[in-house]
Amino acid sequence: MSDYTIDEGMEVTLHFTLKLEDGTVVDSTKDKAPATFQVGDGNLPPGFEAPLTGLTDGAVERFEIPPEHAFGQRNPSNVQLIKRDDFDDEVPEVGTVMSFSDAAGGELPGVIASVGEKQVEVDFNHPLAGRTLTFEVEILKVRPGTTH
């Protein structure tokens with residue numbers, strides 16, 4: 001047992017399971033190596049870090065994370081229509097995740113929502129936007145973070 005509790009700048013090693021409302025597992029470290037991150041380093045959205053504050057080694061907790069603290073609400077303006085001609089010869093299937101370039105030249109993933117005769121509807125919302133998630137954690141180790 002450590003004397004440390006989770007707070008800003010602490011390094012945390014944990015196992016986690018992320019589930020949808022219906023219990024479907026979205027992501028989990030249970031059957032692989034645990035995750036290690038430093039609180040505040042941006043690896044976990046703040047809405048996932050906040051409930052961990054104050055926990056210590058050995059804690060096993062379960063949190064409901066509402067959309068506004070997880071991946072945000074779905075935004076209808078994040079669904080775009082792109083000319084079918086802008087796609088190479090092969091028109092993607094509905095449900096395909098593709099990478100697009102944003103205005104700044106960065107990569108932006110989008111899901112093909114529908115394919116019409118002249119246009120393809122692409123949803124740029126995060127796939128988990130609008131979902132309430134269950135975040136189950138088992139804290140393995142808490143220690144002061146190392147600064148590089």
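Q: What makes Asp27 and Lys32 a salt bridge?
A: The closest N and O atoms of Asp27 and Lys32 are 4.0 Å apart. A salt bridge needs a side-chain nitrogen of Lys or Arg within 4 Å of a carboxyl oxygen of Asp or Glu. So the pair qualifies, at 4.0 Å.

Q: What kind of model is this, and which features count?
A: This is a predicted model, where local features need pLDDT of at least 70, side-chain atom pairs count only at pLDDT 80 or more, and totals for chains, interfaces and linings use all residues. Residues are numbered from 1 along each chain as its sequence is written, and side-chain values use heavy atoms, with hydrogens and water left out.

Q: Why is Asp27 called partly exposed?
A: Its relative accessibility is 35%. Buried means under 20% relative accessible area, exposed over 50%, and partly exposed in between (1.4 Å probe, protein chains only). Asp27, at 35%, therefore falls in between.

Q: How do you know that Lys19 and Glu136 form a salt bridge?
A: Their side chains meet at 3.2 Å, N to O. Strands are DSSP runs of E, at least two residues; helices are runs of H or I, at least four residues; both are numbered from the N terminus.

Q: Is Glu136 buried or exposed?
A: Glu136 has a relative accessible area of 17%. That is under 20%, so Glu136 is buried.

Q: What makes Lys30 and Glu138 a salt bridge?
A: Their N to O distance is 3.4 Å, and the limit is 4 Å, so they qualify. Lys30 sits in the loop between β2 and β3, and Glu138 in strand β9, 108 residues apart. Lys30 is partly exposed at 48%. Glu138 is partly exposed at 28%. Elsewhere, salt bridges that share partners join Lys19, Arg62 and Glu136 into one network.

Q: How many salt bridges does the structure hold?
A: The structure holds seven.

Q: Why is Leu81 called exposed?
A: Leu81 has 53% relative accessibility. The cut-off is over 50%, so Leu81 counts as exposed. Leu81 lies in strand β5 (residues 79-83).

Q: Which residues touch the most other members of the largest nonpolar core?
A: They are Leu52, Phe135, Val137 and Ile139, in a core of 23 residues. A nonpolar core is a set of buried Ala, Val, Leu, Ile, Met, Phe, Trp, Tyr and Cys residues joined through side-chain atoms within 4.5 Å. β1, β4 (60-65) and β9 each supply at least two residues of this core. Apart from it lies another core, of seven residues, including Phe87 and Phe100.

Q: Which residues lie nearest the centre of the largest pocket?
A: They are Phe16, Asp27, Asn43, Leu44 and Pro45, out of 14 lining residues.

Methods
1 Å grid on protein atoms, 1.4 Å probe; cavity = no way out; pocket = protein on both sides within 12 Å on 5 of 7 lines; lining within 4 Å.
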